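Have your viewer ready and try each task before reading on.

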Amino acid sequence: MAMETKTCWACKQTKPLTDFYVSRANRDGRKSDCSDCSRAANAVWYKTPGGRQYNRDRQLLEAHGLTPEQRASKIATQDGKCACCGDLLATDRTPHVDHDHACCPEKKSCSKCQRGMLCQPCNTMLGDAKDDPARLRAGIAYLEKWERAKTPLVVQHWKAPTITAEMLN
């Protein structure tokens with residue numbers, strides 16, 4: 001049995017058919033560029049603005065079941081602001097879909113546990129705090145205690161506040 005070959009239109013090398021991705025669009029059932037050239041072209045395309053947006057849209061649909069239109073609707077209901085801090089959501093980055101990790105513990109979410117669209121810092125903050133309000137309140141108390149402990153620069157003796165084990169948990 002003879003090995004079937006094909007010449008790649010991009011690199012002009014003759015390679016076995018197994019080196020070409022399957023494609024129903026071509027008569028021989030394989031893409032016209034070899035898998036190496038196809039991967040290189042895709043890598044370049046994904047770095048373009050259109051490629052990055054396509055990739056973000058695809059990931060959003062796979063992870064959260066949201067289309068670009070549904071995402072835009074959610075953002076519009078929040079007046080274009082982060083649902084947590086109220087800052088304007090960056091237009092050059094994809095806002096994060098906040099969801100209840102108790103419902104969907106992985107990076108994916110269902111429509112029942114989606115809470116809102118967040119900026120990256122708020123999403124990271126909630127994720128690092130494990131969605132635990134007590135942990136977030138302890139963090140607030142910790143920051144406020146340090147804020148109150150600040151003294152004017154003219155005072156030369158500064159005493160650090162006492163931090164309890166309760167604040168660190």
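**Exercise 1.** With which residue does K31 form a salt bridge?

*Solution.* A word on the source: this is a predicted model, where local features need pLDDT of at least 70, side-chain atom pairs count only at pLDDT 80 or more, and totals for chains, interfaces and linings use all residues. Residues are numbered from 1 along each chain as its sequence is written, and side-chain values use heavy atoms, leaving out hydrogens and water.
Step 1: apply the criterion, a side-chain nitrogen of Lys or Arg within 4 Å of a carboxyl oxygen of Asp or Glu.
Step 2: K31 pairs with D33, their closest N and O atoms being 3.9 Å apart.
Step 3: check burial (buried is under 20% relative accessible area, exposed over 50%, partly exposed in between, with a 1.4 Å probe and protein chains only). D33 is buried at 10%, while K31, at 28%, is partly exposed.

**Exercise 2.** Find which residue forms a salt bridge with K6, and say where the two lie.

*Solution.* Step 1: the partner is D28, with 2.8 Å between the closest N and O atoms.
Step 1: K6 sits in strand 1 and D28 in the loop between strand 2 (14-16) and helix 1 (35-46), 22 residues apart. Helices (H or I, at least four residues) and strands (E, at least two) are DSSP runs, numbered from the N terminus.
Step 2: K6 has 14% relative accessibility, so K6 counts as buried; D28, at 42%, is partly exposed.

**Exercise 3.** Which residues are linked with D36 in a network of salt bridges?

*Solution.* Step 1: D36 and R39 meet at 2.6 Å, N to O.
Step 1: these two are about one helical turn apart because they are three residues apart in helix 1.
Step 2: the network links K15, D36 and R39.
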